[in-house]
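Here is a brief report on one protein model. Please look at the sequence and the fold before reading on.

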Amino acid sequence: MEINTDIRLGDSKEILKDLPDNSVDLIFTSPPYADQRKNTYGGIHPDKYVEWFLPISKELLRVLKPEGTFVLNIKEKVVNGERSTYVMELIIAMRKQGWLWTEEFIWHKKNSFPGKWPNRFRDSWERLLQFNKQKKFNMYQEEVMVPMGDWAKNRLKNLSETDKKRDNSKVGSGFGKNVSNWINRKMAYPTNVLHLATECNNKNHSAAFPESLPEWFIKLFTKKGDTVLDPFMGSGTTNFVAQRMNRNSIGIEIVPEYYNMVNDKLETTKLILFEPEEDYEQIKTKRRKAIR
Ligand SMILES: C[S@@+](CC[C@H](N)C(=O)[O-])C[C@H]1O[C@@H](n2cnc3c(N)ncnc32)[C@H](O)[C@@H]1O
């Protein structure tokens with residue numbers, strides 16, 4: 001299967017206009033947070049954040065396939081001792097733009113640094129907001145199943161009468177559970193809290209996310225040969241993971257230094273991927289011969 005990794009230099013607001021309608025299966029991205037990293041790639045004032053993001057999300061809505069998903073990694077910062085509300089305002093504005101706010105995942109940063117603040121504790125989680133164009137979207141839940149673990153040993157051993165029969169939702173959501181269905185099963189569906197360590201070493205980008213983060217969502221929302229878009233590419237984590245998982249991808253980055261860094265790395269990968277097979281065999285044979 002031939003996989004295409006297409007990276008572009010420029011402002012997403014403009015570059016996205018070149019992408020065809022309904023052509024992307026998953027958008028996975030972490031945009032610049034409001035004013036947070038002024039010294040590296042310029043921030044956006046919290047009061048201007050929604051206004052800045054909406055023209056981009058309008059294009060994202062156009063390029064996403066109807067059954068595709070948009071996952072936005074974002075967390076509001078603290079300004080003058082208060083949490084900003086721009087993420088909440090953004091969700092409301094995006095709903096008005098036509099997006100469905102389907103789900104919210106939490107990325108629990110397992111290894112966040114210890115610290116002491118006068119009026120709060122260390123921040124060790126971020127939001128991953130899931131948006132869709134329609135209620136029916138592609139989701140491959142079996143791909144992210146997790147071992148049952150201790151839960152099976154403890155809770156499932158002592159089931160109450162309610163647990164043994166279908167327990168319909170008390171809030172009328174139409175969902176119900178029958179916990180006894182899970183007895184003797186080895187695997188279960190995960191929760192919407194992801195416990196992953198941050199991993200910012202050797203990436204040359206101050207805000208790179210761990211590879212396991214895009215990996216999990218790529219597994220859940222795409223299959224091989226699908227297309228993943230990261231409109232705020234940074235060090236290209238989403239694209240490199242997509243490539244490794246046999247997904248096509250598009251990355252857009254406004255800072256030439258980051259774009260060039262990803263481009264150089266992709267060139268190296270290409271050289272490895274497209275090394276002619278005979279030559280490789282010859283090298284292997286030569287090496288074997290030399291060892292003998
Ligand atoms: C939070 S970082 C993304 C980091 C990335 N997830 C990674 O793993 O390296 C956001 C990136 O968006 C880029 N950026 C900011 N505004 C942009 C815009 N309008 N269009 C494209 N890229 C932009 C920044 O230069 C920065 O590299």
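The report goes from the whole chain to the sheet, then to the helices and the core.

## Overview

This is a predicted model: local features need pLDDT of at least 70, side-chain atom pairs count only at pLDDT 80 or more, and totals for chains, interfaces and linings use all residues. Residues are numbered from 1 along each chain as its sequence is written.

The protein has 10 helices and 14 strands. Helices (H or I, at least four residues) and strands (E, at least two) are DSSP runs, numbered from the N terminus. Of the 292 residues in the protein, 28% are buried. A residue is buried if 20 or more other C-beta atoms lie within 10 Å of its own, exposed if 12 or fewer, and partly exposed in between; C-beta atoms are placed from the backbone. Two residues are in contact if their C-beta atoms, placed from the backbone, lie within 7 Å. Among contacts between residues at least 6 apart in sequence, 69% join residues at least 24 apart.

## The sheet

Eight strands form an open sheet with mixed pairing, in the order E1-E14-E13-E2-E3-E7-E6-E12. Strands E1 (5-9) and E12 stand at the edges with a single partner strand each, so one side of each has no neighbour in the sheet. From one strand to the next, the twist averages 20°. Two strands pair if DSSP finds at least two bridges between them.

Strand E6 (residues 100-109) is joined to E7 by eight bridges, and the two run antiparallel. E6 also has four bridges to strand E12 (residues 193-196), and these two run parallel.

| Residue | Opposite residue | Strand of the opposite residue |
|---|---|---|
| Trp101 | Phe131 | E7 |
| His108 | His195 | E12 |

## Helix H4

Helix H4 (residues 86-97) has 12 residues. At 1.5 Å a residue (1.5 Å times one less than the number of residues), H4 should span 16 Å, and its end C-alpha atoms are 16 Å apart, which agrees.

Tyr86, Val87, Leu90 and Met94 of H4 are buried. They cover an arc of only 95° around the axis, so they lie on the same side of H4. The arc is that of the directions from the helix axis to the C-beta atoms. On the other side of H4, Met88, Ile92, Arg95 and Lys96 are exposed.

The buried residues of H4 pack against helix H3 (49-63), strand E3 (64-74) and strand E7 (125-132). H4 lies across E3, E6 and E7, at about 5° to E7. Axes are lines fitted to C-alpha atoms, for helices over the stretch in contact, and angles run from 0 to 180 degrees between N-to-C directions. Just after H4, Gly98 takes a positive phi of about 125°.

The largest nonpolar core has 46 residues. A nonpolar core is a set of buried Ala, Val, Leu, Ile, Met, Phe, Trp, Tyr and Cys residues joined through C-beta atoms within 7 Å. Leu26, Ile27 and Phe217 have the most contacts inside this core. Helix H7 (residues 212-221) gives the most to the core, with six residues.

H7 is mostly covered, with seven of its 10 residues buried. Among them are Trp216, Phe217 and Phe221. The buried residues of H7 pack against E2, E3, E6, E12, E13 and H8.

Leaving aside neighbours within four places in sequence, Leu26 is in contact with residues including Gly68, Phe217, Ile218 and Val228.
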